[in-house]
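Hi,

Here is the structure I promised to pass on.

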Amino acid sequence: MLMFAAVCCAAPIAGGLSALAALQGEGDGSDDDFAEAGSAADIPPRMLAAYKKAAENVTRHVTKCKGMAWPILGGIAKVESNHATGRTIASSGDIRPKIVGVLLNGSGAGGNTSVFPDTDGGKWDGTATGERAVGPFQFLPSTWQGAGKDNNGDETADPHNAYDAALGAAIYLCGGGRDLTHKAQLRAAIFQYNRSNAYVDNVSNWISQYQAAAKGPDLSRSPKKVRIVIAAALAQRGVPYSWGGGNKSGTSYGTCCSPSGKSGAHINGFDCSGLTVYAFAQAGISLPRTAAAQAGSGKRIPESAGKGALRPGDLVFYGYAPKRDSTIYHVGIYVGGGQMVNAARPGTKVRLDPVDAMSGYAGGARLL
Amino acid sequence: MTTNKKSTSLKSPWPMACCAVVCAIGAILLFTSSNMSRAQTAPGEQLSPSPSPAGSRTAHASANRTAPGEASRELPPRGEGRAADPAIQALLERTWPRDLPARTERELVAAGRSVLIADVSGLGRTRWPQLFARQGAVAPAFSRVRVQAAIARRGSSPDEALVHLVWAGADRGGTYSDGRITDITFTRTSKKGEAIWTPLPS
């Protein structure tokens, strides 16, 4: 976590263009680190336990705080450390090896151009020559001095301990007593955590995903045709994505190739719109073959109406300019509870994803 | 965020020094061009029927190729990397027709990129005090940042313009994603007959 209010003064900017170069894409992102949808199942159990315990205990320290919940802490930890992935988390909550960020000495490492003077003599970050963010919530040692609390009962406030770090983050986000059920206050809290609008959008997106995953869909009151369509799509879970694949009869071998050369010619499966064509055909509804064209079907639900306007059985769209249907590049089927069934992209399989799993939400279409 | 009264704004025409810096940044952010085409299923090409995969849940699993005419012409999905960037740029330009003078658009796009980089990395924030006023040291929230496509178009009023950016990047936890969208609104004022574009807080 980056504390700016307590870190005074303009910092020297070193190596601007070299830092920019360091910031630029080193690659396109391998399949290993490409963002996949978030759910509690993806969070190491001890980290999830730490988030939940912190959410429960934060009001002991910030009595007026409302609305702190584990998805909020999960969203922060996801973008700060990917839930301490790759580390060992002891039953005590201690995380090893310790998570330390880049040395913030303005050298350009990791794109950093500002100098953070050392404040802890290396106690938390292992160096007395500068400052590094530490732990799963990436606290600056200087911030931890003010926000850190013990939450695992060992009477030590340790930013490398999952329980302590989660509580520290919860306390920081609660501020003087925020109501985090209010979107504006939640955004303000996240912005205080890291002053970047893109960061706030990113964290908010993950929070929404974790909140959606916690609810689960309920189709018990949905009309018969809705249940037919959703059941047909869900039955395809595990079927591979095939560029150009799928039709009203089911899976098919697709075509070559996507812009990066991924071919569906040898994959018997569905692309995103092929899956929806198939699922709706089971209810006797014929859809056009591409996602953008499907946006012209049924009753359009504008992006401006928000995701809360979606009902189970609606088509869900994503575009590169969300208000322009001709930029729509992806379609899924909303199943309720903030989730959709979709064939996401090459290399994946038909699966459930939160509707917040990708940027560019472009509204929906209701045919049922 | 509040708008600083002393705004550092985009002037048209820009001082040469600012233009050189922006051009340098723009050069770094230039797209990789690539030839892309969506190959169609060859006419008449067929596969002999093959057994349904074990465990297939598809009621009527078909081993047929997608027939010509049924071929999907989907737009680039996420995860296509740099190869999709030109297609996304072309898509934006084709579906959202240019409505600003070309030079104005170029300058706004360059400014929009600069604002985005300042937001995600902290780099260059002092250039935009109306957005990032009185802030201390900043560590980057994102790395491996790449602007995939960007356009500038008229906004909702005659004195507004919108820079629409599609970009990729990894957060500090290491999770990489593309197709991220940021819209930055600029407002135009006039000083001594020159148009000044100033980014607005989101």
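In chain A, 64% of the contacts with a separation of 6 or more are between residues 24 or more positions apart; two residues are in contact if their C-beta atoms, placed from the backbone, lie within 7 Å. Keep in mind that this is a predicted model, where local features need pLDDT of at least 70 and side-chain atom pairs count only at pLDDT 80 or more, while totals for chains, interfaces and linings use all residues. Residues are numbered from 1 along each chain as its sequence is written, and chains are lettered from A and ligands numbered from 1 in the order in which they are written.

Chain A splits into domain 1 (16-214) and domain 2 (224-366), with bounds from an automatic or database domain assignment. Their C-alpha centres lie 34 Å apart. Nine residues of domain 1 touch eight of domain 2.

Now the inside. Of the 368 residues in chain A, 57% are buried, meaning that 20 or more other C-beta atoms lie within 10 Å of the residue's own C-beta, placed from the backbone. Setting aside neighbours within four places in sequence, A:Leu73 is in contact with residues including A:Tyr51, A:Ala166 and A:Ala170.

Cheers

Notes: A residue is buried if 20 or more other C-beta atoms lie within 10 Å of its own, exposed if 12 or fewer, and partly exposed in between; C-beta atoms are placed from the backbone.
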